[in-house]
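Me: I'd like to go through this model with you, starting with the ligand. Can we settle the terms as we go?

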Amino acid sequence: MTTRRKITPTAAQPQLRVRDSSTSAGFISGSLPGTAPQQPIWACPICTYDNLEEHQSCEMCGVVRDSPAPIHASVPFKFDGPSPDDAILGAVQGSKKPVQGEKLLFFLSPSYVTDSLSLLPANSHARAKSKAAAPTSDSPGNQSKLSDKEHGVSEKLKKSLVLDGDSEDVKESSKQRLQSTSNKGLPLESYKPEPWMMHLGSKTAEKSLLNLVVVGHVDAGKSTLMGRILYSLGRVSHKEMHKNTKEANEMGKGSFAYAWALDEGVEERARGVTITVAVAHFETAKLRVVLLDAPGHKDFVPNMISGASQADAAVLVVDAAEGGFEAGMGAEGRESGQTREHAQLVRSLGVSQLVVAVNKMDEVQYSQERFEEIKRILTPFLRHCGFRDSSVSYVPVSAIAGENLVSTPSDELFRAWYTGKDGTLLDALNRLEPPERDIAKPFRLAVAEVVRSRSLGSAAAGGKVESGAIKIGSKVMVMPSREVGVVKSLEQDGKALQAARAGDGVDIGLQGVDAGVIVPGGVLCHPDYPVPIATRFELRILTLKLAFPMLPGAQVVVHAHHAKEPGTVTNLTALIDAKTGQAVKRSPRCLTSNQSALVEVAPERGLCVQEYIKFRGLGRVVLRSEGRTLAVGIITRIISYQ
Ligand SMILES: Nc1nc2c(ncn2[C@@H]2O[C@H](COP(=O)(O)OP(=O)(O)OP(=O)(O)O)[C@@H](O)[C@H]2O)c(=O)[nH]1
């Protein structure tokens with residue numbers, strides 16, 4: 001039996017999923033977080049955050065340990081590696097040394113893709129055919145430390161966040177940041193997790209959970225690849241495969257038979273494209289993988305964003321065929337390629353580990369030269385997106401021929417050069433590290449979908465637990481309605497659970513709330529620590545390639561976790577130097593491509609979001625307009641609440 005489902009996020013029209021009840025013995029996922037051991041620490045010279053000895057860079061602001069005295073004190077924090085967010089936060093080159101053996105290049109430079117494609121041999125351009133863990137600061141072991149320190153860090157940041165010492169509004173910004181802990185709830189720092197939460201999973205030696213999103217340009221072979229893996233691992237039965245093959249042949253779409261294991265919708269099958277995010281489960285030697293198969297077509301980027309916002313790691317599928325790879329990179333004058341856009345988006349949505357599956361190797365006769373060529377072009381590009389070289393692996397595969405997926409290649413041409421020391425795609429997936437989870441923070445779950453099933457009842461939501469933990473009987477507040485219900489049932493992969501914790505993708509059945517109050521893009525949270533409903537917030541953004549300058553008053557669609565809401569860029573507060581993190585110009589008249597800036601945004605209806613520094617998963621934002629991604633960013637301050 002397979003346990004696949006689809007997520008179609010849209011705040012305006014909740015997606016209902018009807019499913020038979022199919023529960024089995026409950027289990028609790030994940031490994032034992034345990035209590036934080038006493039370990040030596042070092043204080044960051046920028047933000048004063050106390051880091052564990054083993055960390056070579058600050059978990060709070062990303063500054064490399066032993067870096068020279070800080071010269072750009074306006075940088076509040078950063079990812080583990082440079083990313084679009086890093087550019088937003090600044091100091092990519094100013095305060096961070098290159099990591100061992102890596103050269104940090106100025107990333108997302110306008111000419112970058114053109115430059116990298118110019119590395120191709122002349123005939124490669126002619127080939128174009130017509131048709132993206134490091135532990136976070138929220139590690140369980142660090143949870144108490146983080147919670148206890150949060151306020152102290154903020155006190156320091158109060159000074160360092162001021163972009164311009166003379167500016168009253170920016171001083172006010174810092175003051176409000178400190179007050180914006182939660183709206184009409186207890187201060188976050190007063191939260192203490194209950195003992196049972198910290199011991200979830202302690203009695204079992206279960207595999208770790210990894211949420212894996214599969215992204216890449218349209219038709220790169222994502223669904224075929226994952227369908228074939230699911231089939232090889234026995235997650236798709238022979239009977240089901242036989243049925244898919246027969247029906248696909250009858251529709252003249254025989255080559256999509258494996259993809260149909262994931263593309264189950266009528267329209268998806270008729271059009272031969274993935275539209276929604278399909279969810280499936282499989283296991284590697286050490287991981288329980290929740291697979292999120294995202295659409296590649298540019299029209300469905302919003303759905304891809306929703307899938308990627310739940311992910312811990314990603315598989316970027318690229319098409320090795322002549323012209324296929326180049327199309328994904330937006331070569332040959334194409335306005336954009338989704339290999340490029342997806343890699344930028346997944347990194348800005350917090351994914352730092354990437355497996356690049358170089359697919360359709362059968363179409364290039366398993367050419368080592370082609371594989372190396374693609375690697376050579378992608379490596380610096382992915383570095384520019386913010387991926388560390390050491391967090392990216394490349395695996396040549398053929399989904400259609402089943403080569404190098406779960407077993408070593410059998411094709412002679414392939415075996416001639418691929419010795420298999422880097423292993424199969426499954427080996428590469430097994431090497432991914434699940435991130436540490438935010439267990440010691442109040443419960444938060446961003447609603448990905450509305451679920452209706454007999455076992456869960458009429459008021460049920462599906463999504464990934466961002467922080468904290470819940471069990472049967474826990475009270476939760478449904479936002480934005482503020483109705484409070486009790487957890488009646490919990491399910492994961494079709495099995496009943498007694499409890500769920502940060503990182504788990506779960507379906508939650510609630511008692512005591514109206515079904516209609518659960519909406520995709522809403523948030524389930526701890527009733528004493530409700531998520532704010534923000535009606536205006538400040539963002540640090542990095543603009544991508546803009547067709548037109550962004551002006552104050554620009555109409556955008558604001559994407560935050562699974563929420564999607566029209567909104568207005570009400571103010572361009574300051575232009576920020578991406579290298580130094582300093583405000584270089586107040587109230588710029590407009591923003592152009594590849595600029596880092598502080599802006600204010602007002603969604604038409606309140607959004608359930610939080611400052612990135614407090615809840616990363618609820619603090620990342622993507623601004624889009626007319627089907628194009630304009631900017632990626634993080635919430636630095638909530639200005640007004642509903
Ligand atoms: N030759 C060859 N064709 C492949 C391979 N993998 C996939 N395809 C074909 O590529 C086409 C697209 O495959 P899909 O799996 O639907 O691609 P996708 O990336 O999931 O597409 P979207 O989700 O719509 O972006 C189908 O005709 C597949 O049969 C491969 O390894 N070799």
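Reply: A polar contact is a pair of N or O atoms within 3.5 Å; within protein, one atom must be able to donate a hydrogen and the other to accept it, and residues adjacent in sequence count only if both atoms are side-chain atoms. The model is predicted, so local features need pLDDT of at least 70 and side-chain atom pairs count only at pLDDT 80 or more, while totals for chains, interfaces and linings use all residues. Residues are numbered from 1 along each chain as its sequence is written, and side-chain values use heavy atoms, with hydrogens and water left out.

Me: OK, which polar backbone atom is 3.1 Å from an oxygen atom of the ligand?

Reply: That one belongs to G296, and a polar backbone atom of D219 lies 3.2 Å from an oxygen atom of the ligand. From a side chain, a polar atom of N359 is 3.1 Å from a ligand oxygen.

Me: And how much of the ligand's accessible area does the protein cover?

Reply: The protein covers 93% of the 650 Å² that the ligand has on its own, with areas taken from the Shrake-Rupley method and a 1.4 Å probe, and for residues only the protein chains shown count as cover.

Me: Which residues come nearest to the ligand?

Reply: Of the 22 residues around it, K222, T224, S255, T274 and D362 come nearest, where being near a molecule or strand means having a heavy atom within 4 Å of it. Helix 7 (residues 222-232) gives the largest share of this shell, three residues; helices (H or I, at least four residues) and strands (E, at least two) are DSSP runs numbered from the N terminus.

Me: Switching topic, how many helices and strands are there, and how many residues of helix 12 are buried?

Reply: The chain has 15 helices and 27 strands. In helix 12 (residues 338-348), 11 of the 11 residues are buried, so this helix is largely enclosed by the rest of the structure. Buried means under 20% relative accessible area, exposed over 50%, and partly exposed in between (1.4 Å probe, protein chains only). Among the buried residues of helix 12 are R340, E341 and R347, and the helix is followed by G350, whose phi is positive, near 105 degrees.
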